[in-house]
Amino acid sequence: SGETLVIVESPAKAVSVQKYLGDGHVVLASYGHVRDLVEKSGSVVPERGFEMVWEERARDGVVRDILRAARSARTVVLATDPDREGEAIAWHILELLKREGVVQRSSSGDVMSGPDIQRVTFTEVTKSAVRAAFAAPRDVSAELVDAYLARRALDYLFGFSLSGVLWRKMPSAQRLSAGRVQSVALRLVCDREFEIEKFRKEEYWSVRARLTRRDENENENENESRAATEPTADFFAAELTHVHGLRLGKMEPGTRIEAEACAAEILEANELPGLVVHDVTEKDVARNPKPPFTTSTMQQEASSKLGFGAGRTMSAAQSLYEGRGWGEGLITYMRTDGLHVSPEAVAEIRHTAAAEFGQTHVPASPNVYKKKQKNAQEAHEAIRPTSAGTLPSAVANRLGAGSDEAKLYRLIWARTMASQMAPAVTKRVVADVRRRGDDAADPAGLRLRANGSRLVFAGHLAAYGHGGDGGGLGADARDVWLPELKAGESVRLAASLIEVLEKDPDAKRGFGAAAEADRPTDVGNDDDGTSARQTPNSDASFLSAGVLASQHWTQPPGRYTEGTLVKALEEKGIGRPSTYASILRVITKRGYVTGTGGRGPLVPETRGRLVSSFLSHFFAEYVDYGFTAGLEDALDDVANGEKKWRDTLGDFWGPFQGDVESLKGVRTSLVVDVLDATLGVHFFGDDESALEHRMRAVAEATEEAARDEDLNSPYPTLAFDPKTLSARRKCPSCADGRLGLKLSRTGGFIGCSNYPACGHTQSLSSTQSDEEGGGTFPKALGTDPVSGRRVSIRNGPYGPYLELEAETLSAEAEAAARAAREMQDAVDLA
């Protein structure tokens with residue numbers, strides 16, 4: 001027919017592109033990848049130049065339809081996504097066309113027969129962008145394809161080789177697996193959990209005073225009455241920073257007694273000689289806008305502000321990019337690590353920002369953001385609206401205000417607007433309060449510090465504030481304003497009363513504490529999520545008190561969320577924009593990590609910790625953060641044409657293959673001892689000294705086994721002193737047994753060192769209390785009402801099961817059974 005066949009990835013994009021190109025074009029969707037490596041050993045053959053064995057993976061009829069249309073087409077345009085994966089799909093389709101004889105090329109690459117093959121890319125699904133792309137076709141990029149081949153072969157060789165070792169060394173009811181990037185991401189989550197488990201909380205206190213400007217004509221009772229009825233009028237909080245001329249340390253006061261003594265000193269100074277404002281300093285602080293979104297920053301912000309997981313974010317972004325329900329694409333391509341925006345788009349963004357927020361909110365010249373791109377061929381624009389004039393309200397009206405797409409579009413639009421707006425200006429005030437008469441440069445008495453701030457010019461915050469909704473804020477949500485204070489002005493306590501606030505060290509932290517690492521560093525956050533610099537009416541007890549002594553406990557680092565894990569991966573150079581969501585999906589799907597998505601914490605499961613601990617000890621180099629980041633850089637060098645893909649694979653495969661082979665000779669008993677030691681803090685609450693002692697014993701046993709020339713000799717048993725065992729390591733069923741990790745064909749469990757004499761077992765969740773789903777086996781459940789025999793729940797190789805107590809035997813029957821056992825023992829010894 002002489003038509004032009006256009007192949008895109010998704011059916012939604014196919015509809016839009018067909019509309020833009022019109023007659024003479026047939027647009028088909030590949031529905032993602034059409035081929036992949038065969039899922040079995042031998043699909044990558046290093047001995048034959050890393051030859052790969054592919055098989056079709058497309059939906060039913062997809063390849064058939066593409067081939068049929070290509071045979072009658074004059075031109076085939078491969079218009080898959082503009083990234084490495086999109087280039088790979090285009091290459092796979094081209095290879096299928098060659099295999100089926102639709103296209104035949106000479107050795108130089110020129111088409112000898114068949115349709116002309118073109119490659120086009122566009123970063124936004126709009127009529128102008130698509131037509132511009134079709135006006136400038138190119139060939140499939142050999143460099144990007146080579147980078148894809150190297151990455152796919154690396155992932156296959158790493159996964160198949162290490163997963164096989166895991167299956168042999170760590171028997172499990174479910175197959176365990178390892179991956180080049182997923183195992184490093186899992187290690188991050190497990191390492192963080194280890195930090196949390198070994199953390200020991202420490203107590204410290206803060207002492208704050210609720211002050212007001214002193215009115216000499218107002219008596220103390222009137223002042224306290226006004227403080228109660230007007231809790232925010234002319235009142236401000238000041239925190240104790242110095243006592244007896246010495247600055248309080250980070251953990252001071254350290255006890256309640258010390259905190260009460262400090263509070264009493266403030267109360268005493270308030271009465272005589274009184275408190276005075278010694279100095280007031282003010283300064284304006286400018287806060288520059290952040291750049292527009294990349295893939296990782298979009299996932300992080302969608303997690304913290306919208307509660308979206310990485311997969312949910314990318315799904316909504318894909319819909320916006322393709323323009324589902326709108327008619328054309330609403331945002332540019334969503335897999336990018338570039339920060340630049342085209343000059344035409346910048347001009348439109350600045351015009352829209354001036355119209356929506358006022359000309360004063362737009363700087364005289366555009367803001368420019370630069371980021372060094374390792375791979376220039378993939379340095380796409382930042383994520384932005386295809387048209388800045390398409391307001392979030394219009395998208396919400398069309399797609400539904402509660403839809404994920406509308407929420408994410410609002411976030412992207414607001415961030416894009418803010419990126420081209422003026423800095424926000426905050427006025428910060430610091431007041432130094434002292435005992436009257438203590439005017440020395442280094443005062444010998446107490447000092448209190450009051451901090452205040454107020455947003456005086458919103459700038460970019462008018463578009464992208466800190467309220468969590470991606471919209472503008474009339475004022476900074478963290479504003480803490482002070483009344484107008486002057487040096488030398490007298491102040492006094494709002495009430496002559498000391499309140500002491502104690503906190504439970506074991507109280508669970510709030511949901512937001514899971515992302516503690518992302519809290520603002522310029523606001524003093526304490527352990528329960530409140531700020532030590534907040535307004536005085538932020539504590540209910542502070543409304544009636546003049547001095548508040550608050551107890552605090554240091555907190556371990558928060559668990560990763562999907563957003564903070566993506567940030568950590570990006571900072572360490574692990575993974576690329578197109579892989580973050582799939583990394584999280586894999587470690588969750590395989591049961592290594594559980595999470596609720598979005599702001600919810602990622603918690604490593606026991607099987608995930610077993611795998612991570614095994615790899616970290618026996619394969620440390622290949623789950624090292626620096627090594628994995630170095631491999632990513634090497635793949636980028638391939639994509640830039642700076643290195644050959646087979647050379648990159650050869651550099652990796654030689655050492656890796658040798659290490660895998662040597663690991664196959666490691667005894668399973670050594671693996672069990674190492675996991676028992678390294679996960680002791682998880683299962684038994686072991687401290688670091690116990691870990692170090694056990695690992696020394698493991699090293700000594702390993703050396704002893706290496707000296708033994710008899711390869712069939714059993715691995716040395718690690719000795720222990722029953723008297724030094726911790727309470728959780730002592731076997732509750734026998735006097736001198738040590739509980740430790742055991743492996744069976746169907747998985748792991750906790751067992752006694754005196755097995756088979758002692759058959760005590762626990763599930764691997766035994767670190768939990770009974771109420772939390774763990775516990776010790778056997779457990780008595782009660783009595784069978786029919787037989788009167790006891791019923792218990794026990795743990796076997798296939799999981800927990802119920803057991804009915806054996807029927808009580810007569811004395812004669814018991815004697816016969818004992819004689820039978822003794823005879824069997826004699827046969828076994830013979």
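Close-up 1. Strand β14 (residues 275–287) and β17 pair in the antiparallel sense over 2 bridges; two strands are taken to pair if DSSP finds at least two bridges between them. In this pairing, L275 stands opposite V491 in β17. The model is predicted: local features need pLDDT of at least 70 and side-chain atom pairs count only at pLDDT 80 or more, while totals for chains, interfaces and linings use all residues. Residues are numbered from 1 along each chain as its sequence is written, and side-chain values use heavy atoms, with hydrogens and water left out. Strand β11 (residues 203–213) is also joined to strand β17 (residues 490–493), by 3 bridges, and these two strands run antiparallel. Here L211 is the residue opposite L493 in β17. Strands (E, at least two residues) and helices (H or I, at least four) are DSSP runs, numbered from the N terminus.

**Close-up 2. Residue R210 of strand β11.** R210 is found in strand β11. At 0% relative accessibility, R210 counts as buried (buried, under 20% relative accessible area; exposed, over 50%; partly exposed, in between; 1.4 Å probe, protein chains only). R210 and F235 lie 25 residues apart in sequence, and their C-alpha atoms are 6.8 Å apart in space.

**Close-up 3. Crossing of helices α5 and α16.** The axes of helix α5 (residues 142–169) and helix α16 (residues 606–618) come within 12 Å and cross at roughly 110°. Axes are lines fitted to C-alpha atoms, for helices over the stretch in contact, and angles run from 0 to 180 degrees between N-to-C directions. The two helices α5 and α16 are therefore roughly perpendicular to each other (65 to 115 degrees). L162, V165, L166 and K169 of α5 make the contact with V611, F614 and L615 of α16, where contact means heavy atoms within 4.5 Å. The residues of this contact comprise 6 nonpolar, no polar and 1 charged (nonpolar: Ala, Val, Leu, Ile, Met, Phe, Trp, Tyr, Cys and Pro; charged: Asp, Glu, Lys and Arg; polar: the others, Gly among them).

**Close-up 4. Surroundings of helix α14.** Of the 10 residues of helix α14 (residues 562–571), 7 are buried, so α14 is largely enclosed by the rest of the structure. The buried residues are E562, G563, T564, L565, V566, A568 and L569. They pack against α6 (182–198), α9 (295–306), α10 (310–322) and α15 (580–589). Just after α14, G573 takes a positive phi of about 75°.

Terms used
Parallel < 35°, antiparallel > 145°, perpendicular 65-115°, else oblique.
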